[in-house]
Amino acid sequence: MKNIKLFNLKVLFFAGLLAITGCEETLDLQPISEIGVDEFYKTPEEVNLAVIAIYNSLYGMQNREWMLTELRSDNTYMNPVSSESKDLPIREIDRHVAQSQNIYIEEYWRACYRTINLANIVLQNLDVVTNETERNTYEGEARFLRAHAYFNLVRLWGGVFLVERPISGKEAKTMDRSPQNEVYDFLIEDFRQASQLLPPEQAGVNLGRVTIDAAKTLLGKALLTRKAAGDLTEARTVLTDVVTGTHGLLDNYASVFDIGNEYNNEILFAVRYQSGGVGLGSPFPNFFSPLQSDNYVVFGNGDGLNVPTESMSDAYPAGDPRKAASMADEWIGFQGVVNDDRHVIKYNSQFNVVDDSGNDWIITRYADALLLLAEVINEQSGPDAEALGYLNDVRKRSLGAAAALTFDQVSTYFDFKLALENERRLEFAFENHRWFDLVRSGRAITVMSQHFATEFQYNDPDHPAFNTPALQHYQLYLPIPQYEIDLNPSIAQNTGY
């Protein structure tokens, strides 16, 4: 069993209680204090349980995040051999035609605000923690996890509801969306404070809880995404701190994801899963394994979701070990029959209950900090030897020293930008980075329009319902869930929906 106390039955009960007492009508924002259970916040131990409940809420976010990120990119698509009506809400997300009633968009929105609500509850009840170090850690964790949820919300929806404290359902119904720049101001300040409050490491029973380097990496990414005055300079400073710190690349790419090597020195932050039938298992191996694969790929068959595209499979250079660690083009079935079904394998391991893998989902790792720092330098002044060194550090780990790019190959801003884009695609395939990377670089419309024009399933004459035109600018954002607008009709829907 993993050496971490985030996951036990007492904590699960507590987290469940927090979740069900939130107001389900809007934003999940009702504070515990309104229903008479203030006794949960009388001791530091109870505040610690409340912090752990925030971590547990990440399961709800992670469960749907791949749909709104990886599936909306050119890395994966919905199973092209399934019927036109099967999993229609997911297929609509894949084709960027989902509307405000889409259940999976709503579920992710609710999950993010549930995490935000739980973080706000902790931040409101820190006064009972008298030990300064302990209090700082709890505050840093709550701020980091709140900022993480807001960072995803603002990138997926633009302006969203900015909730800084627990509020009542009645008050929530009077709220309006905050402008995108205000949301960025808020979450970046949360990341800043977290990077000052958190400890440099978490060990023993706390392994898996967030640290300074995770906060600095996501702070750097948020600053790089916003690109306001001074943001790139600050991003370079905090990312340099991470890159020159105690973390580093493992020698072998596959070992980063080895279930026997989790929370290794490359991992900055991950959502932790626990197999064994205790309600903490990961569903992703079953989600992503091929349909009708029985037990030949993972225990209990697969759902055929999040299928790697042909262009993703072809993107890997010959012999790149990242492909073998991340996806497969086929699987061997009954009597050795070879089935040509591309599928994600990055999260596969041995388990004996459906949807109960023990593989963690990595949110950010050292390679991310390296490539983000290279990107910051390129955005500041174009490529130089330092930026190229960081890019080649990641590239050489998998392809060897002979594959290092030379300055002549990436001497311009745009050439270096495309090289980074490609390297990030290969390095972080199926880790929910690709869509955000394309939007941040301003290349989402170009890349996705090419994706829809060239992948066969979007141009299949036998399935005209799958045909998909070029991406439009408004489709960079998702629709605000309809239930929010029904509760408060004054809320503006995103343009185009």
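Contact here means heavy atoms within 4.5 Å. All views show a predicted model.

**View 1. Surroundings of Phe269 in the predicted model.** Beyond its neighbours within four places in sequence, Phe269 is in contact with Tyr55, Leu58, Phe144, Leu145, Gly208, Val210, Ala214, Tyr263, Ile362, Ile363 and Thr364. The largest nonpolar core holds 140 residues, and Phe269 is one of those that touch the most other members, together with Trp66, Phe144, Tyr150, Trp157 and Leu187. In soluble globular proteins, nonpolar side chains tend to be buried together.

**View 2. Tyr263 in the loop between helix H9 and strand S2.** The loop that carries Tyr263 lies between H9 (231–243) and S2 (267–271). Tyr263 has a relative accessibility of 14% and therefore counts as buried, the cut-off being under 20%. Its contacts, leaving aside neighbours within four places in sequence, are Leu207, Gly208, Leu268, Phe269, Ala270, Arg272 and Asp360. Between Tyr263 and Gly208 the C-alpha to C-alpha separation is 7.0 Å, although the two are 55 residues apart in sequence.

**View 3. Packing of helix H14 with helix H15.** The axes of H14 (residues 385–399) and H15 (residues 413–427) come within 11 Å and cross at roughly 30°. Angles under 35 degrees count as roughly parallel, so H14 is roughly parallel to H15. The crossing of H14 past H15 is left-handed. On the H14 side, Ala387, Leu388, Leu391, Val394, Arg395 and Arg397 meet Phe416, Ala419, Leu420, Glu423 and Glu427 of H15. By class, this contact comprises seven nonpolar and four charged residues, with no polar ones.

Note on methods. Residues numbered from 1 in each chain as written. Predicted model: local features only at pLDDT ≥ 70, side-chain atom pairs only at ≥ 80, totals over all residues. Heavy atoms only, no water. Axes fitted to C-alpha atoms, helices over the stretch in contact; angles between N-to-C directions. Helix = DSSP H or I, 4+ residues; strand = E, 2+ residues; numbered from the N terminus. Parallel < 35°, antiparallel > 145°, perpendicular 65-115°, else oblique. Left-handed = near helix turned anticlockwise from the far one by under 90°. Nonpolar A, V, L, I, M, F, W, Y, C, P; charged D, E, K, R; others polar. Core = buried A, V, L, I, M, F, W, Y, C linked by side-chain atoms within 4.5 Å. Buried < 20%, exposed > 50% of the residue type's maximum accessible area, 1.4 Å probe, protein only.
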